[in-house]
Amino acid sequence: MAIHVWDYRHEYESERDDILDAVDSVFRSGRLILGKSVRGFEAEFASYHGARHCVGVDNGTNAVKLGLQALGVRPGDEVVTVSNTAAPTVLAIDAVGATPVFVDIDPATYLMDTGQVRDAVTGRTACLLPVHLYGQMVDLAPLRRVADSHGLRLLEDCAQAHGARRLGRIAGTVGDAGAYSFYPTKVLGAYGDAGAVVTSHDETDRHLRRLRYYGMEDRYYVVRTPGHNARLDEVHAEILRRKLVRLDDYIAARRAVARRYAEGLAGTGLVLPEVAAGNEHVYYIYVVRHPERDGILKALREYGFEFNISYAWPVHTMTGFAHLGYGTGDLPATEAAAAEIFSLPMYPSLPRGLQEKVITALREILARG
Ligand SMILES: *Cc1c(COP(=O)(O)O)cnc(C)c1O
């Protein structure tokens, strides 16, 4: 049996009564769409952030897409982001008709190299879209300065960083808005697709509510286009409410897993995750690096381990984005990392014995040289 980086079933077994009760309570409520569970989750998730508003949407890709539209990004605009991200970050820019402009990453943290952003800004730039990758935050202070001095909006892709903080500020609250995914693997995961946008701007909140609801404010009258059907379901909202009260526990458990890796893998030659100064990492993905990555993954397969690479193909090298005009060699730090990184199993309910097996296997493989 192959052993994978993520498995929700341990968590489900321990939370089953609560999850099934959440589903049952929605089914019995008489309201399946935009009811009290969505409203409740929005209020509670906003409050978790100390933000004024949260708008639930159907997935993280649409959280980014609607976030961009609500901040006024229009077809033909440019959005500065990174290629070292999940493809949906860039697909969302594409979906609003805007053009992604990539900057490279800091090779130590794999996060956006914020020093390159000012030079990437042109007369068509409308928005900066940093990604809090793997669970730690990009330093937003320099981005805020560039945004303010050039009249740009700042949207945070928080899909991997629920509850992450930098210098005490929680992800999603430094920019004009923060886009979240609750895809099941995420730090706060639903039992299906879900997403949300957090903002403290009243007008952005109103705009997001129209965008997710056909461009309507009331039935059945379209006030403004574009409009989408991008609502968060009651069932997922209610499950997320139950899980939100445990979010800090999930994060603590992830940090404990990370500590055990750091102890068990010290001195092996693997490059372990580096936490940037001031950051409180939530370890959505535990990314390690080694020049012999492909050989190590092959040897791990012989132990029955099938691990992920997040991400093996930088977005700018994918055929689907060839029209952007980038090529291999354009983002050297991004491309070098993609060739050497891989992810170790990381989730709050990761069994201790399984983690020990991973550490032992890696120690054996790396000792062989
Ligand atoms: C998961 C993810 C998304 C997309 O979220 P979905 O809910 O899968 O649509 C966007 N950006 C990043 C960085 C992600 O990790």
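Me: Which residues is N62 in contact with, leaving aside its neighbours within four places in sequence?
Reply: This is a predicted model, and in it N62 is in contact with V57, G67 and A230 once those sequence neighbours are set aside. N62 itself lies in helix α3.

Me: And is N62 buried or exposed?
Reply: N62 has a relative accessible area of 16%, and since buried means under 20%, N62 counts as buried.

Me: What does the side chain of N62 make a polar contact with?
Reply: The partner is the side chain of D58, at 2.9 Å.

Me: Which way does β1 pair with β9, parallel or antiparallel?
Reply: β1 and β9 pair in the antiparallel sense, over five bridges, and C54 has V198 of β9 as its bridge partner.

Me: What else has V198 as a bridge partner?
Reply: G178 does, with V198 again being the residue in β9. That brings in β8, which pairs with β9 in the antiparallel sense over five bridges.

Me: How does β8 pair with β5, then, parallel or antiparallel?
Reply: β5 and β8 pair in the parallel sense over three bridges, and here D157 has A179 in β8 as its bridge partner.

Me: Why is β8 described as largely enclosed?
Reply: Five of the five residues of β8 are buried, so the rest of the structure largely encloses this strand. A177, A179 and S181 point one way from β8, whereas G178 and Y180 point the other way, and all are buried.

Me: Changing topic to the ligand: how many residues surround it, and which are the closest?
Reply: The ligand is surrounded by 14 residues, of which the closest are G60, T61, Q160, S181 and K186. The side chain of Q160 has an N or O atom 2.8 Å from an oxygen atom of the ligand, while D157 has a side-chain N or O atom 2.8 Å from a nitrogen atom of the ligand. For T89, a polar side-chain atom lies 3.4 Å from a nitrogen atom of the ligand.

Me: How much of the ligand does the protein cover?
Reply: On its own the ligand has 380 Å² of accessible area, and the protein covers 91% of that. The elements that give two or more residues to the shell around the ligand are α3 and α4, the latter spanning 87-95.

Me: What about helix α7, which of its residues are buried?
Reply: In α7, residues 202-211, the buried ones are T204, D205, H207, L208, R210 and L211. Among the elements that cover these buried residues are β1, α3, β5 and β9.

Me: On to the aromatics: how many aromatic pairs are there?
Reply: The count comes to 12 aromatic pairs. One of them joins Y8 and Y191, whose ring centres are 5.9 Å apart with planes at 85°, so this pair is edge-to-face. Y8 sits in the segment before α1 and Y191 in the loop between β8 and β9, 183 residues apart, which makes this a link between distant parts of the chain. Y8 is partly exposed at 39% relative accessible area, and Y191 is also partly exposed, at 27%.

Me: And how do Y213 and Y214 pair?
Reply: Y213 and Y214 form a tilted aromatic pair, with 5.4 Å from centre to centre and 40° between the planes. Y213 is buried at 16% relative accessible area, whereas Y214, at 35%, counts as partly exposed.

Me: Which residues form an aromatic cluster?
Reply: F41, F45, Y180 and F182 form one aromatic cluster, and Y180 is one of the buried residues of β8.

Me: Last one: what is the strand order in the open sheet of three strands?
Reply: The order is β7-β6-β10, with antiparallel pairing, and the edge strands are β7 and β10, each of which pairs on one side only. β6 and β10 pair over two bridges, with R165 standing opposite E280 in β10.

Technical notes. Residues numbered from 1 in each chain as written. Predicted model: local features only at pLDDT ≥ 70, side-chain atom pairs only at ≥ 80, totals over all residues. Heavy atoms only, no water. Pairing = 2+ DSSP bridges. Helix = DSSP H or I, 4+ residues; strand = E, 2+ residues; numbered from the N terminus. Phe/Tyr/Trp six-rings, centres within 6.5 Å; stacked < 30°, edge-to-face > 60°. Buried < 20%, exposed > 50% of the residue type's maximum accessible area, 1.4 Å probe, protein only. Contact = heavy atoms within 4.5 Å. Near = heavy atom within 4 Å. Polar contact = N/O pair within 3.5 Å; in protein donor to acceptor, adjacent residues only side chain to side chain. Areas by Shrake-Rupley, 256 points an atom, 1.4 Å probe, with all protein chains shown as cover.
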